[in-house]
Amino acid sequence: MKIAVLLTMVPDPVEELEIDPSGTALDTQWLRYVLSESDDHALEQALLLKERHGAQVTALALDYGDVDQTLFTALAKGADEAVKIAPAPEGSVTRHEAAAIFAAILRRRPADLVLTGVQAINDLDGHLAGLLAGLLDLPYVGVTRSVEPAPDGTVLVQKEYPGGVAAEISVPLPAVIGVISAPQPPRYVPVARIREVMRTRSIGTEALPAIGAQPVPAIRRLYKPTAAGGATMLAGTPEEVARELVAVLVDRGVLR
Amino acid sequence: MSAPSPEVWVYVEHLKGSVAPHTYELLGRGRELAQSLGGRLVAVLLGRQAADLARTLGAADLVRLVDHEQLEAFTPDGHARTMAALAEQHRPHLVLCGATSAGIDLASLLAALLQVPMVANVRAVGVEDGRILATSQLCGGKLLCDVEVPSGSVLAVLAGAYPAEAGMSTGEPPVETAAAPDLLARVRAQVVRLIEPAAGDVDITRVPVLVAVGRGIQRKENLPLAEELAALLGGAVCASRPVIDQGWLPLSRQVGKSGMTVKPRLYLALGISGAPEHLEGMRQSELIVAVNTDPAAPIFTVAHYGVVADIFEILPALVAQLAKAKRAA
């Protein structure tokens, strides 16, 4: 089975995020990008399928931020191939545009199974997996927590519904699956192993395809929310704060 | 192609014979939007033998129903493609669905099929001078983005963005049954079975006090600190998604969009930033206390009491104070 895993770099959520002077985009000058969390789970899901059932795993990513490090890490974890779509697109890329770019690449190099994270923290105009499935006219299921091949050539996925309920869904291949979590946490790979891979392996390149205009909303303003001010903030030493909290719990009848 | 009608659509999410509470939030807001746009509010109900559910959708001017065995349980393929077929026929002005585990699948696929704009994680939607404006929440609530969306767009609205009461009505709306599109015969993804949540050691939906841990707990070895606190409070430990994904606690302890919705008397959130999918599951708790190092963490927008601090400084002090208070009682 050929598996393509689509990896997206997103702003590091622990960093301070600054708006650029236009007021409609992030200031990218000092922005640090990290791999989107659910994409990391998609990669783990692909590697589990490879280990358990045999598969050829290709990691694909747009040329953004420190994407080389991410792609070498994918190789170090066990991906067979890593491919960068280059050069980097100008400016920020909307999800509709990213879906159109990945769709063009996947038409050139089709996969039996396309895995990607079902959401990213900077999703504005949609989620990549569903948009991509629509463009490629492939079966799609998202918010999945496991993917297993079935004897009839389909895959059985577990899709999460609310309230802890899940559905087991049979999906014929080729298909696009939006992963929320893998059956196990994404594996750790030592830095030494990544460095070794950087010396011995290389990243392939696919030319950035031309795409037409995509239907996206018009951004008027990007901004930081003002504090809602709803919470009563407690301050002081840990002991002072603890005393105040206990007093609140007693007052509210929670602590008896 | 006909000009867009002024219909505002709400996709009706339902599971096991019940409409999702979030749908009533959308109907309430959809009612106001339809009025501002001079149009009518249409609830789109897809399912099998789901006509009875229409009685709970009285806030809508019309329920458009498609009844088909392929629509019995939600699949993105079946539901999004049916919605697309209906939308191509009726040209709605706006489609609202939940930013839920079903809604985010539906919205993206539908937007791609119709080649229309979409807005994810919508926290507010309104009409200004006839234009539809939406506010999307990005980066776990650290940023907001105001966008203008053209007619025909699909919006995935966060749970809790609007009150549900306005969307609840006992009035029986007219029901228009639409023919199942031919494509349903070719729907590829098939639901094999529903998997109920495994019976956990603790039913967190029934526990009066929940000590919730997030990424800030850092390591599994730190969980006993939270368990000690929960024991003192007569409650249980639950968690946000990252902790569950690490395998540190079972799925039955997950609070949020895909996990459990809880309404305890006390929800003590430790090291939880408050991503929308977590807030969805706990915002109705009676008393919310949050401890987080980031003063801008969205959890403080729903908390009643907040502490900006390292949880490992507060936890021991709180355990000591609680033990002291219990001894004195």
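**A walk through chains A and B**

Chain B has eight helices and 17 strands; here helices (H or I, at least four residues) and strands (E, at least two) are DSSP runs, numbered from the N terminus. This is a predicted model, in which local features need pLDDT of at least 70, side-chain atom pairs count only at pLDDT 80 or more, and totals for chains, interfaces and linings use all residues. Residues are numbered from 1 along each chain as its sequence is written, chains are lettered from A and ligands numbered from 1 in the order in which they are written, and side-chain values use heavy atoms, with hydrogens and water left out.

Let us start with the overall form of chain B. Its radius of gyration is 22 Å, close to the 20 Å that the globule rule gives for 329 residues, so chain B is as compact as a globular protein of that length. That radius is taken over C-alpha atoms, and the rule is 2.2 Å times the number of residues to the power 0.38. Along its principal axes, the C-alpha trace of chain B spans about 70 × 45 × 35 Å. Of the 329 residues of chain B, 61% count as buried, where buried means under 20% relative accessible area, exposed over 50%, and partly exposed in between (1.4 Å probe, protein chains only).

Six strands form an open sheet in the order β13(A)-β17(B)-β16(B)-β15(B)-β13(B)-β14(B), with parallel pairing. At the edges stand β13 (232-234) of chain A and β14 (236-239) of chain B, each with a single partner strand, so one side of each is left without a neighbour in the sheet. Two strands count as paired if DSSP finds at least two bridges between them. Within the sheet, β16 (residues 287-292) and β17 (residues 305-308) of chain B pair in the parallel sense over four bridges, and B:Val291 has B:Val307 as its bridge partner in β17(B).

Two helices of chain B cover parts of this sheet. Helix α4 (residues 223-233) of chain B packs on the sheet and touches β13 (209-213), β14 and β15 (266-270) of chain B. Helix α8 (residues 311-328) of chain B also packs on the sheet, touching β15, β16 and β17 of chain B. Such contact means heavy atoms within 4.5 Å.

Elsewhere in chain B, strand β6 (residues 94-98) is mostly covered, with five of its five residues buried. In a regular strand the side chains alternate between the two faces of the sheet. Both faces of β6(B) are covered: B:Leu94, B:Leu96 and B:Gly98 lie on one side, B:Val95 and B:Cys97 on the other, and all are buried. Strand β1 (residues 8-11) of chain B pairs with β6(B) in the parallel sense over three bridges, with B:Val8 opposite B:Leu94. Five bridges join β6(B) to the parallel strand β10 (residues 153-157) of chain B, where B:Ser153 is the bridge partner of B:Leu94.

Most residues other than glycine have a negative phi, and most peptide bonds are trans. In chain A, the peptide bond from A:Ala86 to A:Pro87 is cis, with omega near 5 degrees, and a cis bond also joins A:Leu173 and A:Pro174, with omega about -5 degrees. A:Val143, though not a glycine, has a positive phi of about 55 degrees; A:Val143 lies in strand β7 (residues 140-149) of chain A and is buried, with a relative accessible area of 3%. B:Gln218 has a positive phi near 70 degrees, but B:Gln218 is exposed, with a relative accessible area of 52%.

Methods:
Axes are lines fitted to C-alpha atoms, for helices over the stretch in contact, and angles run from 0 to 180 degrees between N-to-C directions.
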